[in-house]
Amino acid sequence: RIAITVDEVIALLNQHNVAPPQLVELVESGDAHCKGSGDCTPPGGETIPNHDLLALRISNEAIAGTSQISGSTIVSGTKPVFFLMAALHSRELTTAEVALFHIDWLLDGYGVDPQATWLVDHHEIWVIPIANPDGRWLVQLGEEAPYNQGPFLQRKNANRLNNTTNGTFCGAWPPSSGNQYGVDLNRNHSFEWGCASTSSALCSTIYRGRQAGSEPEV
């Protein structure tokens, strides 16, 4: 079984958001593709749940310099910022766990470990344990009935609309290591979009999307 599922990560982030409240803030930075587009049915006929894109901000708000958050508006503070984003490629399973271990180390060590305490007091640390929740959900699907074959090798997000040409769906099902639908989020950023090590082929695992920054996860 996959050690940590999307639902379990969300539950853990909500637990962290309760205590201690002066150190943590759970922020919704947007909607994953499926929730934003309503395009939530993979070729197997399942329904991908609506996923928010969640980030946990860790910083001691009692010490001046932390950014101010009001709804979707964030006013930057003066503390140095560290940003950790994990599981952008959904089949890279352990990165989400490493991000969660980092959160635990900071919060469990606060007031106990001088290094963790210093980081939380005088820095602002943002952690996104799963940057591609739709893709992670598809990876988990491989362990469920009727498949029961272990994690699917989905690497990209769940943008099925972006993989249709003249009404013909592109991508193997179940997703293979080299043929699958979706957009490779790591190749979709606006920085040097379309350069080497990307592809315009819809089924490629390094498919960059139809344009730079087209995917909501990016």
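The secondary structure of the chain comprises five helices and eight strands. Here helices (H or I, at least four residues) and strands (E, at least two) are DSSP runs, numbered from the N terminus. The elements follow the order α-β-α-β-β-β-β-α-α-β-α-β-β from the N terminus on. The model is predicted: local features need pLDDT of at least 70, side-chain atom pairs count only at pLDDT 80 or more, and totals for chains, interfaces and linings use all residues. Residues are numbered from 1 along each chain as its sequence is written, and side-chain values use heavy atoms, with hydrogens and water left out.

Along the principal axes, the C-alpha atoms fill a box of roughly 55 × 40 × 30 Å. Contacts (heavy atoms within 4.5 Å) were counted between residues at least 6 apart in sequence; of these, 66% join residues at least 24 apart.

Of the 218 residues, 45% are buried. Buried means under 20% relative accessible area (1.4 Å probe, protein chains only). Helix 5 (residues 133-141) is mostly covered, with nine of its nine residues buried. Among them are Pro-133, Arg-136, Trp-137 and Leu-141. The cover over the buried residues of helix 5 includes helix 1 (6-16), helix 2 (33-37), strand 2 (52-58) and helix 3 (94-109).

Notes. Buried means under 20% relative accessible area, exposed over 50%, partly exposed in between (1.4 Å probe, protein chains only).
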